[in-house]
Every structure is written in structure tokens, then in C-alpha cells.
Amino acid sequence: MRQDLVEARVGEGYRLYVRFEDGRAGEVDLAEVIRFEGVFAPLKNHDHFAKVSVNREPGTVEWPCGADLDPDVLYARVTEQPLTRFTNQALSA
């Protein structure tokens with residue numbers, strides 16, 4: 001089951017503290033998740049990275065440059081569960 005993000009705060013470096021609607025929360029080091037290229041290139045600048053916000057409609061994080069992240073990827077990182085677990089559940093639903 002997909003979990004929407006309800007909170008995001010910038011931590012050290014490229015870390016984000018994220019909290020989901022089911023209460024699960026934790027830090028994700030985005031330097032391990034994304035390449036700072038294309039739409040993500042502006043995020044390499046920490047001032048721009050700090051402009052993260054939660055878009056409640058899709059339930060994920062986004063930045064003014066148009067970059068956003070799939071909440072399933074972040075949830076998998078926080079819960080330390082393989083992303084395929086969520087993908088398989090979505091396919092069988």
C-alpha cells in the first residue's frame with residue numbers, strides 16, 4: 001500500500017527527514033538515491049536543496065526546479081524494505 005509523505009525537513013548534507021501518513025519516519029541521504037543531473041542538477045546547491053516542500057496532492061517531496069521523488073522510493077529507504085515489495089503489492093492489487 002502506498003504511503004503519502006506528510007512532512008519533510010532538510011538535515012545535514014543531502015539528507016531529508018521524512019514522515020509518512022502511517023507514522024513511519026526517518027532520514028534518507030538523497031546523495032545515495034539521485035544523481036545531481038538534469039532536473040536534479042539544481043539540488044546540488046544546498047540553498048536550493050533546502051527549498052524542499054511536501055506536495056500533498058501526490059504525497060511526495062518537490063522543489064521549485066520541478067524535481068520530485070516517488071514516495072515509494074523514500075518509504076522503502078526509511079523502512080529498509082526492498083522497493084520490489086511495494087511494486088509487487090501494487091501489481092497484485
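Q: Is R19 buried, partly exposed or exposed?
A: In this predicted model, the relative accessibility of R19 is 32%. Buried would require under 20% and exposed over 50%, so R19 counts as partly exposed.

Q: Which residue forms a salt bridge with R19, the closest N and O atoms being 2.8 Å apart?
A: The pair links distant parts of the chain, with R19 in strand β2 (residues 15–20) and its partner in strand β1 (residues 5–10), 12 residues apart. That partner counts as buried, at 18% relative accessibility, and the residue that forms the salt bridge with R19 is E7.

Q: Which residue is linked with E7 and R19 in a network of salt bridges?
A: The structure holds 4 salt bridges, and one of them joins E7 to R19. The network takes in E7, R19 and a further residue, R9.

Q: How far apart are the closest N and O atoms of R15 and E27?
A: R15 lies in strand β2 and E27 in strand β3 (residues 25–29), 12 residues apart. R15 is partly exposed at a relative accessible area of 31%, and E27 likewise counts as partly exposed, at 45%. A salt bridge needs nitrogen and oxygen within 4 Å, and for R15 and E27 the closest N and O atoms are apart by 3.6 Å.

Q: How many residues apart in sequence are the parts that E32 and R77 tie together?
A: The side chains of E32 and R77 meet in a salt bridge at 3.5 Å, N to O; E32 counts as exposed at 55% relative accessibility, whereas R77 is partly exposed at 39%. Because E32 lies in the loop between β3 and α1 (46–49) and R77 in helix α2 (residues 71–79), the pair ties together parts whose separation in sequence is 45 residues.

Key: Residues numbered from 1 in each chain as written. Predicted model: local features only at pLDDT ≥ 70, side-chain atom pairs only at ≥ 80, totals over all residues. Heavy atoms only, no water. Helix = DSSP H or I, 4+ residues; strand = E, 2+ residues; numbered from the N terminus. Buried < 20%, exposed > 50% of the residue type's maximum accessible area, 1.4 Å probe, protein only.
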